[in-house]
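Welcome to the tour! Open your viewer, get your selection tool ready, and follow along stop by stop.

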Amino acid sequence: MVKSSTSYVCQSCGASAPKWSGKCEACGGWNTIVEEGIAPPLGGGASRRVKGRKISLEDLKTEDAPPKRRPTGIAEFDRVTGGGLVPGSALLVGGDPGIGKSTIILQALGKYAQAGGHAVYISGEEAMAQVRMRAARMGLSDAPLMLGAATNVEDILATLESGKPPDIVAIDSIQTLWTGALDAAPGTIAQVRTASFDLVRYAKASGAALLLVGHVTKDGQIAGPKAVEHLVDAVLYFEGERGHHFRVLRAVKNRFGATDEIGVFEMTGKGLAEVANPSALFLGDRKSAAPGTAVFAGLEGTRPLLCEIQALVSATTYGTPRRAVVGWDTGRLAMILAVLDARAGVGIGASDVYLNVAGGLKIGEPAADLAVAAALVSSFGGEALPRDTVFFGEISLSGDIRPVPQAESRLKEAAKLGFKNAFIPAGTKADAAGLALTEITSVAELLRFAPEPTLRREKTLGRGKVES
Ligand code: TYD
Ligand code: MG
């Protein structure tokens with residue numbers, strides 16, 4: 001172990017600074033900078049550059065068939081990876097602590113081993129007995145999965161290299177890894193990166209598919225998955241709201257597949273169960289048609305997904321109106337409020353606005369704009385939206401409703417779940433799938449859901465001056 005010098009590295013973004021400070025200049029994180037020993041530069045710098053070896057350059061043509069993927073047998077997991085793990089690739093599964101990363105990995109590997117594959121699970125966080133207990137709970141005790149408990153990368157590599165390379169090897173988690181080559185503490189950016197890099201190199205050389213688990217960290221005391229995202233071929237995030245049972249596995253980077261796919265699971269007493277029809281789950285049991293709820297016909301990857309958007313507009317009790325958003329982008333909400341005000345005269349701006357995507361789902365699609373606007377107008381106007389109706393469409397700053405991709409599969413999904421009407425952008429070319437379609441050209445047309453908007457605007461602004 002050669003300690004050449006030290007540097008101060010932000011554990012959140014990886015930026016290095018010449019001296020310690022309370023705030024990272026690069027990412028703005030507080031208390032994230034930690035002193036780390038740095039390895040001597042590889043190659044020794046320009047003056048001491050070692051002579052390299054000539055590598056052969058080749059053209060793009062290939063006779064090789066693409067490597068056979070290794071599906072784990074958990075359909076929702078395989079969907080997100082793009083059809084199974086690619087030999088020699090590295091995949092990172094990130095997520096909040098306790099969200100279920102270890103559970104899904106153990107289940108996937110257990111299932112793969114049960115089907116006759118060679119899988120190795122190395123846990124750096126739990127003792128073997130704990131992993132066995134978890135496996136027993138999920139009914140995987142008989143799976144011929146190889147278990148190990150280790151945190152030192154040299155040990156892990158020596159173990160893996162001693163036998164036939166596994167088809168899949170999982171390391172849980174990268175934050176516990178350390179290499180003797182550095183004298184930084186485990187969990188620091190330098191350790192996490194170096195250890196992960198060595199494992200990725202092993203995967204590439206041996207053809208094993210590597211699964212790395214990484215905790216998302218908020219306080220920056222240990223390095224998060226962001227520190228290794230660039231090293232791996234695919235990054236999946238496991239998300240979910242506390243208090244809700246279902247979890248969404250989402251690809252944010254995938255060199256071998258699409259990045260907008262999601263897999264939906266439900267956490268049960270026996271591990272994670274696959275949810276084949278998420279629309280039914282996210283719509284839940286809708287009983288009353290209250291003002292402020294609109295059903296959005298969305299799309300996650302190739303799969304249509306219906307969910308309920310709930311808005312509550314109420315008079316402000318404090319000077320500044322409150323905005324609280326769960327499952328959607330706050331900036332986008334501000335934009336829609338501004339467009340509604342400017343293009344349709346719906347003055348919600350001075351009221352408190354609460355927006356919630358039911359079931360803890362997170363929506364990133366602009367196609368949800370129309371459903372959000374309809375929910376807002378409906379809550380503001382105090383009138384429920386028509387029953388059995390779905391909405392989709394993107395709102396532009398001019399107030400126009402723009403068409404969105406794959407209208408047809410959205411409509412089909414809505415029809416499948418018993419919806420009768422759809423409000424869609426004007427100019428959408430799609431088969432109605434048996435639904436009654438209403439084309440919307442601009443946000444002003446949403447006023448049909450809110451009688452006398454101007455009076456209501458005064459009512460809010462003037463704090464009850466005019467009662468409609
Ligand atoms: P875990 O996979 O340990 O989370 P992570 O590895 O992301 O930190 O999941 C832990 C949570 O899952 C814990 O709160 C208990 C719950 N759980 C169940 O509800 N059912 C189960 O069968 C298992 C194994 C875990
Ligand atoms: Mg875990």
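Start by selecting residues 303–314, strand E14, together with residues 352–357, strand E16: the two pair in the antiparallel sense over six bridges. Keep in mind as you look that this model is predicted. To see one of these pairings up close, pick Leu 312 and find its bridge partner in E16, Tyr 354.

Next, show helix H8, residues 369–381. This helix lies across strands E13, E14, E16, E17 and E20, and runs at about 30° to E14.

Time to take in the whole sheet. It is an open sheet of seven strands with mixed pairing, in the order E15-E16-E14-E13-E17-E20-E21. Select E15 (323–326) and E21 (436–440) at the edges: each has a single partner strand, so one side of each is left without a neighbour in the sheet. On average, neighbouring strands here are turned by 25° against each other, direction ignored.

Now move to ligand 1. Which residues come nearest to it? Of the 16 around ligand 1, they are Gly 98, Ser 102, Thr 103, Thr 268 and Gly 271. Select helix H2 (101–114), which gives the most to this shell, with three residues.

Finally, zoom in on the side chain of Thr 103, where an N or O atom is 2.6 Å from an oxygen atom of ligand 1. At Arg 137, a side-chain N or O atom is 3.1 Å from a nitrogen atom of ligand 1. The protein buries 75% of the 560 Å² that ligand 1 exposes when taken alone.

Notes:
Residues are numbered from 1 along each chain as its sequence is written. Chains are lettered from A and ligands numbered from 1 in the order in which they are written. This is a predicted model: local features need pLDDT of at least 70, side-chain atom pairs count only at pLDDT 80 or more; totals for chains, interfaces and linings use all residues. Side-chain values use heavy atoms; hydrogens and water are left out. A residue is near a molecule or strand if one of its heavy atoms lies within 4 Å of it. A polar contact is a pair of N or O atoms within 3.5 Å; within protein, one must be able to donate a hydrogen and the other to accept it, and residues adjacent in sequence count only if both atoms are side-chain atoms. Accessible areas come from the Shrake-Rupley method with a 1.4 Å probe; for residues, only the protein chains shown count as cover. Helices (H or I, at least four residues) and strands (E, at least two) are DSSP runs, numbered from the N terminus. Two strands pair if DSSP finds at least two bridges between them. Axes are lines fitted to C-alpha atoms, for helices over the stretch in contact, and angles run from 0 to 180 degrees between N-to-C directions. Contact means heavy atoms within 4.5 Å.
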